[in-house]
Amino acid sequence: MRISVFGLGYVGCVSVACMAADGHQVIGVDINPVKVDLINRGQSPIVERDLGDLLAKGVSQGRLRATVEATDAIQESDLSFICVGTPGDSNGKLDLQYVERVSEDIGRALQRKTGHHVIVVRSTMLPGSTDQTVLPTVERESGLRAGLGFGLAYNPEFLREGSAVKDYYDPPRTVIGELDEASGDAVAAIYQRLDAPLIRTGIKTAELVKYADNAFHALKISFANELGVLAGIEGIDGHELMDIFV
């Protein structure tokens with residue numbers, strides 16, 4: 001498949017490397033020319049096990065390149081992932097300015113493209129954000145209608161720093177929130193080689209799954225810490241306790 005990935009941070013870098021390793025033609029897009037240059041030289045902008053080797057292999061085999069030009073990336077791909085950051089404001093509210101900016105770039109590029117294009121959001125966002133931010137922004141800038149002129153999906157990531165490449169290839173599940181069946185089919189084709197449950201659902205459900213996953217991991221850590229305190233009071237090895245419990 002021909003894929004473009006917008007945002008070459010942690011999730012974006014891992015995504016372009018693994019997709020290229022799977023045989024897809026991949027274009028990474030970022031406004032930071034330093035990141036773009038590093039990837040075009042087959043070097044990783046971040047420290048992550050196995051990532052540098054995959055990037056170098058993808059570039060050397062001609063399946064991976066990076067650019068700062070969104071229009072070129074859209075013209076040369078059929079499916080685009082949005083992997084930009086969604087940092088929290090001082091009041092805890094998510095800042096979606098980068099998602100909105102990329103959606104504008106994609107929408108304007110779609111004005112000059114023939115053929116169907118699918119947009120897939122991976123950035124962590126509250127339920128309803130794709131429908132309320134990405135969809136109307138792309139429609140406004142492109143003049144196209146979602147589900148007709150372009151496809152739309154939400155595909156949350158479950159990558160852990162330090163084992164992200166392994167997690168990409170061995171996920172607990174793959175979740176696709178789809179606007180329509182055709183959009184879901186396009187995303188599912190990317191992951192057809194993975195041996196993991198594939199779950200297709202609505203976009204808002206997929207957005208909340210990411211939050212549920214994050215919250216439950218935090219809950220497990222808090223639970224283990226509390227038991228560790230009780231174990232320490234009684235002179236019990238907290239690690240042994242949790243190993244037995246798990």
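This is a predicted model: local features need pLDDT of at least 70, side-chain atom pairs count only at pLDDT 80 or more; totals for chains, interfaces and linings use all residues.
**Entry 1: Thr130**

Thr130 sits in helix α6. Is Thr130 buried or exposed? Its relative accessible area is 0%, so I noted Thr130 as buried, the cut-off being under 20%.

**Entry 2: α6 and α9**

I then looked at helix α6 (residues 129-142) against helix α9 (residues 203-233). Their axes cross at roughly 115° and come within 9 Å. Which residues make the contact? From α6 I listed Ser129, Thr130 and Asp131, and from α9 Ile203, Lys204 and Glu207. By type, the residues of this contact are 1 nonpolar, 2 polar and 3 charged.

**Entry 3: α1 and α3**

Next I turned to another helix pair. I keep in mind that two packed helices are described by the angle between their axes and the distance between the axes. For helix α1 (residues 10-21) and helix α3 (residues 51-60), the angle is about 55° and the axes are 9 Å apart. I therefore recorded α1 and α3 as oblique to each other. Their crossing is left-handed. On the α1 side I noted Cys13, Val14, Val16, Ala17, Cys18, Ala20 and Ala21, which meet Leu51, Leu54, Leu55 and Gly58 in α3. The residues of this contact divide into 10 nonpolar, 1 polar and no charged.

**Entry 4: Asp53**

I stayed in helix α3 to look up Asp53, which has its place there.

**Entry 5: nonpolar cores**

Last, I looked up the cores. The largest nonpolar core has 36 residues. Which of its members touch the most other members? I wrote down Val5, Met19, Leu79, Phe81, Tyr168, Ile190 and Tyr191. Helix α1 gives the largest share of this core, with 8 residues. Apart from this core lies another, of 28 residues, including Ala73, Leu96, Val102 and Tyr154.

Not counting residues up to four places away in sequence, Ile190 touches Met1, Ile3, Met19, His24, Leu79, Phe81 and Tyr168.

Notes. Residues are numbered from 1 along each chain as its sequence is written. Side-chain values use heavy atoms; hydrogens and water are left out. Axes are lines fitted to C-alpha atoms, for helices over the stretch in contact, and angles run from 0 to 180 degrees between N-to-C directions. Helices (H or I, at least four residues) and strands (E, at least two) are DSSP runs, numbered from the N terminus. Angles under 35 degrees count as roughly parallel, over 145 as roughly antiparallel, 65 to 115 as roughly perpendicular and the rest as oblique. A crossing is left-handed if the near helix is turned anticlockwise from the far one by less than a right angle, and right-handed if clockwise. Contact means heavy atoms within 4.5 Å. Ala, Val, Leu, Ile, Met, Phe, Trp, Tyr, Cys and Pro count as nonpolar, Asp, Glu, Lys and Arg as charged, and the others, Gly among them, as polar. A nonpolar core is a set of buried Ala, Val, Leu, Ile, Met, Phe, Trp, Tyr and Cys residues joined through side-chain atoms within 4.5 Å. Buried means under 20% relative accessible area, exposed over 50%, partly exposed in between (1.4 Å probe, protein chains only).
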